[in-house]
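Thanks for coming. I have one model to show today, and I will start at one spot before going to the whole chain.

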Amino acid sequence: MAKKLYNGWKHKLERVCLYCGRPYAERHEVFPGSNRQNSIRQGFQIDLCPEHHREIQENCTKWAQEENLRWRQHFEREFIEKKMDAGASMQQAVRAWMALIGRNYCDEITPE
Ligand SMILES: [Zn+2]
Ligand SMILES: [Zn+2]
């Protein structure tokens with residue numbers, strides 16, 4: 001009988017909740033739904049304890065809604081900055097973002 005794999009990689013001691021510092025945090029993908037796989041591939045992820053994870057995931061409180069938006073803006077800005085550092089124009093970088101995620105979260109950015 002094949003031994004069931006232990007998914008210990010999901011809960012590591014050194015992985016701490018970025019809000020409260022508790023260890024064994026879970027990794028949360030910042031862009032949901034069809035962009036979850038993109039989030040994993042691109043590293044659009046944050047580490048959260050089960051309680052903060054639940055609150056962010058449910059997106060029901062004002063705090064969670066603000067934090068979700070803040071993290072999505074953070075990773076969008078970072079993605080665009082990296083593309084521009086690599087030589088892309090602002091327009092090309094924004095286009096690459098829209099091709100990947102399909103939605104703009106930042107007020108200062110105007111996709112075509
Ligand atoms: Zn926490
Ligand atoms: Zn999650």
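This is a predicted model: local features need pLDDT of at least 70, side-chain atom pairs count only at pLDDT 80 or more; totals for chains, interfaces and linings use all residues.

Residues are numbered from 1 along each chain as its sequence is written, chains are lettered from A and ligands numbered from 1 in the order in which they are written, and side-chain values use heavy atoms, leaving out hydrogens and water.

Staying with α4, residues 90-100, the buried residues are Ala93, Val94 and Trp97; buried means under 20% relative accessible area, with a 1.4 Å probe and protein chains only. Seen down the axis of α4, these residues fall within an arc of 95°, so they line one face of the helix. That arc is taken from the directions from the helix axis to the C-beta atoms. Their cover includes α3, residues 62-85, where contact means heavy atoms within 4.5 Å.

Now the whole chain. The protein chain has four helices and two strands, in the order β-α-β-α-α-α along the sequence. Both are DSSP runs numbered from the N terminus: helices are H or I, at least four residues, and strands are E, at least two. Along the principal axes, the C-alpha atoms fill a box of roughly 50 × 40 × 25 Å. Of the 112 residues in the protein chain, 32% are buried. Among contacts between residues at least 6 apart in sequence, 45% join residues at least 24 apart.

Conventions. Buried means under 20% relative accessible area, exposed over 50%, partly exposed in between (1.4 Å probe, protein chains only).
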